[in-house]
Amino acid sequence: MRKLLIGLLATSAVAVMVTGSAFAEKMPKKVGYVVNYATHEWYQNVIKGMKDRAAQLGFEVEVKDANLDAAKQIAAAEDFMSQGVDVLIITPVNEDAVVPLLRRAKQENMPIVLEGNPVKGMTTLVAICDYDTGYHAGVEAGKYAKEHLGGKAKVMNVGLPLLSATVLRSNGFMDGIKTEVPDAVMVHDLDGGGNPDRSFEVSAAALAQNGDVNVIYGINDSSSLGGLQAWKAAGKSQDDLLVVGTGGEGLAFINAIEKEPSYKIEAAMFPEKVGFTAIDAAVKLYNKEEVPSWIVSPTTPMLGDGWKKYYSVDGNVRTINWDAVNAVKAPDKCMKTAADLKK
Amino acid sequence: MTTDTLPARKRGVSLSALTDNSQIVLIGLLAVLCIGISLAAPQFYSPDNAIAILRQCALVLIVAVGMTMLLVAGEVDLSVGASLAFTGCVAMDVTNRTHSVVLGALAALAFSGAVGLFNGLVVTRLKINSLIATIATMMILQGGVYLYTREAVQNHHLLDAFTAIGAGYVGPVPIPVIIAAVIFAVGYVTLRFTLFGRYLYAVGANLRAARLSGLRAERLKLLAFVITGLLVGVAGLILASLMNAGQPTAGRGFELTVIAAVILGGTSLAGGRGTLFGTLLGVLVLKIVDNGIIILRWNQDLQMVVPGLVIILATWLDIVRRRNDAR
């Protein structure tokens, strides 16, 4: 009987220790997220990831949309601070505009997690590596070109030169494809504005100027799809074409992979995982734990049906497979960042 | 004294000649552009490029036909870009649900026609300036499309007839170009040879005089708004077919391209003056400039700069023309 009692006590003690370690971190009551542009699919999925993770951990995330207005973003952040949220997460509309806000937050001991781009004076940033994303997709594109396109890669880049993130993706793609096909060339370097109709228009003109292209790379899904539609509208066959998209933020790329014979590679950036990671960083900051200044969120190229490993689709609803996405390893640091573009 | 005034008069005469013969100037400009670009890049004259230019002109021309009528009547519609995107989403969604291209097309026309009717009623009944009213409609539509769909409406119906609307050909001619040509011809006849067309000029030139003559100016303007709306519906349907999806983010800045083309073609912002032939030339000039920038591999930011400069230049020419008319 005594032995049984001791055994029970010991088991209870172990159970309390295990449970205690799992809930060692205090949870914030409320986290505020000021998103730069909530209508974009990418940010809708970031928000979804945040809300899913916060629900798992048992607290609430409130979201305010700056709608690409830096002044509105500051006002929304100040609202959150006066409401007394425990942690703020911000995707800056303009990096310089949030510097005074970071200063004020530090004075008031308000922890802030940034998402997207680094800002002077930040504590921590959750972001993907844009160059690496393009690079790994480029390597896969090069392998495909060697196997199916006779070892030639003539690339039409439907890019967005306005943003350093998208320039890094395009640069990464070309560097990656050259590891497999050293003679790969960029035939067209276009500004598709990140929009499908603009991408279509500039691609149509570029293909008319020189249609000797066998790889279309888009810095997001709208860009790659705009390029592909221009290709189709020009009456060209998709037999010797490879289309590579970036982002994987909605259903568009899944539809394209399923229905377009040339759409073979998608550089997945897992926006839900970015939201998930931002919430984990917020909890760590709330508990005054050490966090790295740059937390990399993973990306990976998805080949053909490979998207099914990470997502399932029911009608118009896309569901992330967290186990598979959480298993994707993120690099410790990015191969190149925006700072490298200035060199 | 005489020597001081003579050069000034001479300048006025040359400007007057320039503005009165604006279509000849545009034809000359087109010729210069085509020759200049093709000398620098011979691919400009390739059949593929000609088709690409014509297809790009088609969408703008279809809506520009309606916009010309509106501007002639002294009104403007800045919501056409936002309506274009929304209409494309409606067209694709209804076609997905019904598996009927006809029902999808009718839904697109009904939606965009209703937007035109709404704009017309706000302007003619509530007496709100069309610039303000249609900016408000643009905002409503840009927000509303995200309430309707958070992401692009994908093509799940896979109907060949739907794809053919935007990407199909009759012989070597793209179907959107044929649609645009038919709409242009009907619009040309309507504006030039029918009572409705003549009344629009009368209403735009002098609203008070038109009313005193017994014209129902508000009803005519309302009709011009509805026609513009319906033409946006046609363009939206073509765009959804071309993009193989209803894109809520499409059409940004489309209204400015359309208005720039119309006023470059000689249509007065003050109403009462303008021709569809001029609009056609305006569309061709803008789209050839757009195409030339890519063909010549110039900085694509110029594609935004050029329509802006065109709007300033064409508006100034319109002011000069009206000043000459007043003398």
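1. How many bridges join strand β6 of chain A to strand β7 of chain A? Six bridges join β6(A) (residues 154-159) to β7(A) (residues 185-191), and the two strands run parallel; strands here are DSSP runs of E with at least two residues, helices are runs of H or I with at least four, and both are numbered from the N terminus. Strands pair if DSSP finds at least two bridges between them. The bridge partner of Met156(A) in β7(A) is His188(A).

2. This is a predicted model, in which local features need pLDDT of at least 70 and side-chain atom pairs count only at pLDDT 80 or more, while totals for chains, interfaces and linings use all residues. Residues are numbered from 1 along each chain as its sequence is written, and chains are lettered from A and ligands numbered from 1 in the order in which they are written.

3. Between chains A and B, 26 residues of chain A are in contact with 28 residues of chain B, contact meaning that C-beta atoms, placed from the backbone, lie within 7 Å. On the side of chain A that touches chain B, α7(A) gives the most, with 10 residues.

4. In chain B, the buried residues of helix α2 are Ser22(B), Leu26(B) and Ile37(B). Because they cover an arc of only 45° around the axis, they lie on the same side of α2(B), the arc being that of the directions from the helix axis to the C-beta atoms. On the other side, exposed residues include Ile24(B) and Leu39(B). A residue is buried if 20 or more other C-beta atoms, placed from the backbone, lie within 10 Å of its own, exposed if 12 or fewer, and partly exposed in between.

Definitions and conventions. Contact = placed C-beta atoms within 7 Å.
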